[in-house]
Amino acid sequence: MSKRLEMEVWSLNNCAGCGLCVASCSKQVLGWDGGNHPVVEKRIKTVGYTQSLLDSCTFCQVFCEEVCPRLERWAAPEPQSVVAARAHGPVKSGAPNDVIRSILTAGRSAGLLDGVVLLDLDPWDLKPVARVISTVEEIVTSVGPQYLWAPIFDVLNEAVFDRKMENIAVVGTPCAAQAIRRLRASPNVYLQPYQDSIRLSIAIFCTGIYRPEMVEEVLVNRMGIARDQVKRLEISSDREHLQAVLWNGDVHTIPRQIAEEYTLTGCGSCDDYLGESADLAVGTLGASENTSTLIIRSRVGDVFVRNALQMKLLETTDKVDLVALEVAAGEKDRRERAQAFKDLSLLMLDGLADPLQRNQAIKQFVSLYRTPSRSGTLERSRNGCTGC
Ligand code: SF4
Ligand code: SF4
Ligand code: SF4
């Protein structure tokens, strides 16, 4: 088993729950048991009356480690452009999921895509599901990501190997886009089928995703809303509330601090709100009324947006509040600092046994707890002379 996943991700409650390690595990020994991260299945060998625990991971190239987004930190690429977008689908709408559906519909219709892996919602019981869809009808009728957690990459093998899709879009949270970025950067040839088939990654802005039990415990039990009344969940534009939009048009708001109790543990240390690794990122922050902010970060993302514009399924303007986006990036600095302290505790543990790690731990310690400079201190030269 990858020691790095165990020590640097799982034991630090850092797992984003994307499931790419589970999908890429060559021996299919990773799975979910209801906790905050995947677990390794225990395999027991019985010989006569004796039983021994097998190390299922022997002779493996540790694919799980190679793709985990939590083991790499990147600088965000400069956006190619930031626009306000509105969908011209079956309805004219500026909701993020409608904008995404328009881009996907245009991409599928033009043959740029043959499938989509996305976080969706089962409309009957409001359970989040990861799905593979392939037709325009499925794209248009999908609900899209709803801030309820499901491991999105659990269906990646179905898309790549069972359904043999060659041009896939993945629509999920920023951490899913980070996992794709990690995957794309890997030199491991065994990961090439995934690299070749994932063409486009789209992220929805995200400050945290909720465990599915939040629906039953908050919406149904505390607020008395029946599951089948809820059309979709969304974050309010001031980011203070989670909103349940009902089929009859009513909107019920849930204060974020109530919903936060159900946030996935790994979201606490996440520093990517704006989908910085995705080809396209979409969200309400910074958007004017009836539009979504659409950030285009790659040439591929640009091709898909231009295609949707050409097919008249999307309209864009430049009315975006860039300051609001900058403020969100400032939050990232705060989280990065929190993460740096977490990394330090890990280094200090390693430093107990390894002198090299100890030196690194000391360096990081000093940079985090740097000595404040005294205000008003005179600058002194070695010679006691200030150049008179
Ligand atoms: S080390 Fe290999 S076999 Fe073990 S969990 Fe990771 S990918 Fe799977
Ligand atoms: S972040 Fe994703 S790849 Fe990393 S351990 Fe968690 S589920 Fe696996
Ligand atoms: S906050 Fe969003 S992007 Fe970050 S780990 Fe949680 S789900 Fe992923």
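Q: What makes 12 residues of the shell around ligand 2 nonpolar, and how do the others divide?
A: The shell around ligand 2 holds 12 nonpolar, 3 polar and 1 charged. Ala, Val, Leu, Ile, Met, Phe, Trp, Tyr, Cys and Pro count as nonpolar, Asp, Glu, Lys and Arg as charged, and the others, Gly among them, as polar. The model is predicted: local features need pLDDT of at least 70, side-chain atom pairs count only at pLDDT 80 or more, and totals for chains, interfaces and linings use all residues. Residues are numbered from 1 along each chain as its sequence is written, while chains are lettered from A and ligands numbered from 1 in the order in which they are written.

Q: Which residues around ligand 2 are the closest, and what places a residue near a molecule?
A: A residue is near a molecule if its C-beta atom, placed from the backbone, lies within 6 Å of it. Ligand 2 is surrounded by 16 residues, of which Cys15, Ala16, Cys18, Cys21 and Cys68 are the closest. Helix 1 (3-10) and helix 2 (20-24) each contribute at least two residues to this shell; helices (H or I, at least four residues) and strands (E, at least two) are DSSP runs, numbered from the N terminus.

Q: Why are helix 4 and helix 11 called roughly perpendicular?
A: Helix 4 (residues 96-109) and helix 11 (residues 299-310) pack at an angle of about 85°, with their axes 8 Å apart. Axes are lines fitted to C-alpha atoms, for helices over the stretch in contact, and angles run from 0 to 180 degrees between N-to-C directions. Angles under 35 degrees count as roughly parallel, over 145 as roughly antiparallel, 65 to 115 as roughly perpendicular and the rest as oblique. Helix 4 and helix 11 are therefore roughly perpendicular.

Q: Which residues of helix 4 and helix 11 meet?
A: Ser102, Ile103, Ala106 and Gly107 in helix 4 meet Phe304, Val305, Asn307 and Ala308 in helix 11, where contact requires C-beta atoms, placed from the backbone, within 7 Å. The residues of this contact divide into 5 nonpolar, 3 polar and no charged.

Q: Why is strand 9 described as largely enclosed by the rest of the structure?
A: A residue is buried if 20 or more other C-beta atoms lie within 10 Å of its own, exposed if 12 or fewer, and partly exposed in between, with C-beta atoms placed from the backbone. In strand 9 (residues 168-172), 5 of the 5 residues are buried, so the strand is largely enclosed. Ile168, Val170 and Gly172 are buried on one side, and Ala169 and Val171 on the other.

Q: What makes strand 7 and strand 9 a pair?
A: Two strands pair if DSSP finds at least two bridges between them. Strand 7 (residues 115-122) and strand 9 have 4 bridges in the parallel sense, and Val117 has Val170 as its bridge partner. Strand 9 also runs parallel to strand 10 (residues 198-204), joined by 5 bridges.

Notes: Two residues are in contact if their C-beta atoms, placed from the backbone, lie within 7 Å.
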